[in-house]
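Please open the model in a viewer and keep the selection tool at hand.

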Amino acid sequence: MPTRFAPLSSARRRAVLGAALVCLTWVAVAPNPARAADAPRVEVHTVARQPVGQGLILDGTLEAVRQSTLSAQASGRIAQLTVKAGDRVRAGQVLALIDDRETTAGVQRAQAAVTQAEAEARNAEAHLKRTRELRAQGFVSQAALDTAQAQADAARAAVAQARAAQSQSALAQGFTRLTAPYDGYVLATHAEVGDLAVPGRPILTLYAPQPLRATVQVPASRAPLASGAQRVEVQLPDGRWVQPAAQTRVPSADPVAQTIEWRLDLASADTAAHVPGQSVKVRFAAGTQERLVIPARALLRRGELTAVYVAAPAGSPTGFVLRAVRVGTDHGEAGVEVLSGVQPGDRVALDPVRAGLAGAQPAQR
């Protein structure tokens, strides 16, 4: 026969359930020695105030000291464009030709005027010579001699005027040949063959690869700090910080942006591997002050959130606590300035990713 068990009373059922819950709770909270041993240990840094360089770091741009936009000085169709963007050019090299038929006709007209003026001048000189001989013999009056002298002087002046017009015509014809003013590279072309060239219209832009300078726009509100900086440095695209060979502050502010332009000339040896248009950083250093800084690698950035993992007090069930911070200037190797969120003496994790893992604990020093 099957064994029958007597039904449990209500009091006995409650006692059995209570014992089971105690066992389950003990199993859930009982420490796991193996798991505690495998918990990640994260190196920490003690937050403290330390002297850091004060100043201003702004974004700037490399640009060529010599950059020119060449425009036409004569009217006409562009007959030939001998270069394109990126081409290297030499000083005096012909870059573009403008239809010069009109200027050629002007040169020929001026040459003919010179020939005519010289012929008239020779005739006037000969007439003056004969008149002087006749006056010496008493065959003509003094008035006739004066008239011949005036005609000869006018003829010589006409020759000078015709020759000046000839030079002007030759100069105008030279304007139909656009030449490079120095060795460099073509940055851009602004016209094509067949376009109408008129005086003042840009045809191409070229620049000399060296020297280069860094330009930076300093907010007018920070101009006193920049002007009083003890040292100005430029961080090149390769990460090197260099000092400019010379610096120029433009004595006017942009009326819209309210910024003042600084031009920092760089040594050719420092910028040999760089080209105009690359971004740089400019640092205006103005002494040192004590600031609360932490290593940049301690920061955790997630979208708009900037935070650090702070080691919890001893005896806390968690090893680290996530805390939002507000940061200021990046002082490079000295660290990042913290404006709020941590206090001197706090210990922050140097590896925020590992500090966020379950069971992470500060490493013992």
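Begin with G53, Q54, R283, A285 and H331: of the 16 residues that line the largest pocket, these lie nearest its centre. The model shown is a predicted one, and the space in this pocket amounts to about 220 Å³.

Next, select strand 3 (48-64), strand 17 (279-294) and strand 21 (326-330), the elements that each give two or more residues to the lining of the largest pocket. Which strand gives the most to this lining? Strand 17 does, with six residues. Colouring the lining by residue class gives five nonpolar, eight polar and three charged residues.

Now turn to the largest nonpolar core, which has 23 residues. Select V218, V234, W262 and F284, the members that touch the most others in this core.

Centre the view on W262. Beyond its neighbours within four places in sequence, W262 is in contact with A214, T215, V216, V218, A226, S227, Q247, T248, R249 and F284. Another core, of 19 residues, lies apart from the largest one; L81, V83, V89 and V186 are among its members.

Finally, colour the chain by pLDDT. The chain average is 84, and 89% of the residues score at least 70. Select residues 1-6, where pLDDT stays under 50 and the model has zero contacts beyond four places in sequence. Then select residues 14-35: here the pLDDT is below 50, and the stretch has zero contacts in the model beyond near neighbours in sequence.

Methods:
Residues are numbered from 1 along each chain as its sequence is written. This is a predicted model: local features need pLDDT of at least 70, side-chain atom pairs count only at pLDDT 80 or more; totals for chains, interfaces and linings use all residues. Side-chain values use heavy atoms; hydrogens and water are left out. pLDDT is the predictor's confidence in each residue, from 0 to 100. Contact means heavy atoms within 4.5 Å. On a 1 Å grid over the protein atoms alone, a cavity is a set of points where a 1.4 Å probe fits but cannot get out, and a pocket is an open set with protein on both sides within 12 Å along at least five of seven lines; lining residues have an atom within 4 Å of a point. Grid points are joined across faces, edges and corners, and a volume is the space filled by probe spheres set on the points. Helices (H or I, at least four residues) and strands (E, at least two) are DSSP runs, numbered from the N terminus. Ala, Val, Leu, Ile, Met, Phe, Trp, Tyr, Cys and Pro count as nonpolar, Asp, Glu, Lys and Arg as charged, and the others, Gly among them, as polar. A nonpolar core is a set of buried Ala, Val, Leu, Ile, Met, Phe, Trp, Tyr and Cys residues joined through side-chain atoms within 4.5 Å. Buried means under 20% relative accessible area, exposed over 50%, partly exposed in between (1.4 Å probe, protein chains only).
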